[in-house]
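Hi,

Here is the structure I promised to pass on.

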Amino acid sequence: MAEKNASSLGIISRNSLFCLFTIISVMFILSWFFVLRSTGHPHYIDHNLLPNSKLLATTDNGDSTTHSQKDVEPSTGNRSILVNIEEEEAPQENAVTQSKAEAKCNPNNGVLGAQQKENKLVLKVFMYDLPPEFHFGLLDWKAKGDSVWPDIRSKIPDYPGGLNLQHSIEYWLTLDILASELPEAQNARSAIRVHNSSEADIIFVPFFSSLCYNRYSKADPHQKKSKNKLLQEELVRFLTAQKEWKRSGGCDHLIVAHHPNSLLDARMKLWPATFILADFGRYPPSIANVEKDVIAPYKHVIRSKVNDSPDFDSRPTLLYFQGAIYRKAGGFVRQELFYLLKDEKDVHFAFGSVQKDGIKKATQGMHSSKFCLNIAGDTPSSNRLFDAIASHCIPVIISDDIELPYEDVVDYSQFCIFVRSRDALKEKFLINLIRSIGKDEWTRMWQKLKEVENMYEFQYLSKEGDAIQMIWQAVARKVPAIRMKLHKSRRFSRSLVRSDRGLRSIPSPSNFW
């Protein structure tokens with residue numbers, strides 16, 4: 001009897017162990033199933049609450065492209081010399097792949113353009129009511145009554161012509177903010193003025209710094225300091241005393257300093273602000289850099305070419321350059337190229353200036369040329385690039401440190417040729433490269449140039465997709481990073497003494513950005 005009970009207990013214990021093992025195994029398999037499922041698409045995130053949710057939905061569908069660098073296909077017709085000449089040229093894409101890439105990358109594509117319009121957010125701008133001596137007063141405009149701004153419905157103060165125009169960015173942006181309050185200017189708006197700074201995305205400082213440098217950088221014989229320096233000192237005192245600056249340390253402020261020598265003294269004290277610049281040639285990276293600041297185009301000074309046709313043979317000059325040949329810094333390349341190209345047929349490489357109909361001659365020369373050289377001078381950028389775009393002359397850029405406007409949304413390799421300085425200075429390299437570009441490839445780049453030319457046009461009133469709207473959109477793309485840095489700076493504000501809250505004391509530029 002005892003033996004029977006013992007065997008029964010053994011059978012029961014084995015059955016119990018088997019059941020327990022089965023249950024544990026099932027639970028283990030189920031747990032792995034849920035773990036693997038949870039690593040898939042995050043269903044708990046409501047994409048409708050995310051910015052650009054429509055764009056995210058588009059990239060999540062079956063037609064989306066992989067974000068691996070290996071899967072990025074090279075642009076056909078891209079003649080950018082950004083690799084060693086020993087490297088082999090990438091194979092051309094087939095027609096189907098090319099059309100898909102162009103549809104996704106071309107900012108003027110109809111479908112993408114419509115999507116951009118639908119997703120576009122209007123930038124809310126608070127603008128200081130600075131005294132006229134900082135802006136339109138520099139144009140000899142006289143204020144009437146208590147208003148510090150001209151009545152742009154009746155008369156717009158004129159901006160001086162010639163080379164002054166190329167750095168007139170602050171003038172056009174200020175006019176656009178003033179015009180945003182007019183009922184007739186509501187159609188094409190990338191930025192609107194708000195009068196409560198707490199509602200603003202960015203705080204605009206309407207100081208005509210480039211004009212101030214061009215007109216007032218030389219001191220009067222009876223003065224120790226020039227008007228340009230005095231206004232910069234006054235601007236620094238004004239801004240650092242404002243509650244808006246104290247609240248953010250200036251990181252949500254926007255200042256235009258497009259001329260390389262403008263704001264030369266104040267930039268070291270106003271560095272937390274976002275600058276709108278032509279390039280970074282005369283700025284240390286701790287003061288200005290591509291992550292923090294915005295690159296804006298020059299305003300072209302030559303006349304735009306209208307009613308143009310893609311007639312390769314109607315432009316007799318192959319390669320064109322006219323300007324100062326002997327320059328400082330990186331501009332030595334101009335001098336070397338002059339000696340390499342001066343005897344080449346169908347190449348125009350000559351000294352020129354704005355004097356004695358210089359602009360008129362440059363207009364005629366660029367309009368009749370297939371390719372136009374844009375070579376680094378005293379600074380990495382120059383107005384020739386934008387004169388070339390207005391002339392529908394394919395730009396050949398030889399400037400290793402150049403930064404280009406809106407390059408996060410515009411692929412310049414589609415309509416420009418980039419050549420490293422070291423390659424350009426090799427005998428026959430540049431001219432052989434240019435001569436190797438045939439009519440079909442030139443025509444394709446010419447068509448791309450026509451598609452983007454409006455992005456570099458300044459006008460009043462501004463229009464959809466012009467330079468003014470593109471600059472505001474570039475500023476808007478900086479706003480999320482500005483907010484994140486500002487929010488991070490407030491993490492430990494409760495542990496600070498009340499009088500020291502905010503960003504009133506900043507140790508050094510490199511510690512902030």
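L17 counts as exposed because its relative accessibility is 58% (exposed is over 50% relative accessible area, buried under 20%, partly exposed in between, with a 1.4 Å probe and protein chains only). Before you go on: this is a predicted model, where local features need pLDDT of at least 70, side-chain atom pairs count only at pLDDT 80 or more, and totals for chains, interfaces and linings use all residues. Numbering runs from 1 along each chain as its sequence is written, and side-chain values use heavy atoms, leaving out hydrogens and water.

L17 sits in helix α1 (residues 2–38); helices are DSSP runs of H or I with at least four residues, strands are E runs of at least two, and both are numbered from the N terminus.

Now the charges. I get 17 salt bridges in the structure, each a side-chain nitrogen of Lys or Arg within 4 Å of a carboxyl oxygen of Asp or Glu. One of them joins R483 and D201 at 2.4 Å, N to O. That pair links distant parts of the chain, 282 residues apart: R483 is in helix α16 (residues 479–489), and D201 is in the loop between β2 (191–193) and β3 (202–205). R483 is partly exposed at 41%, whereas D201 is buried at 15%.

D293 and K292 also pair, with the closest N and O atoms 2.8 Å apart, and both residues are buried.

Cheers
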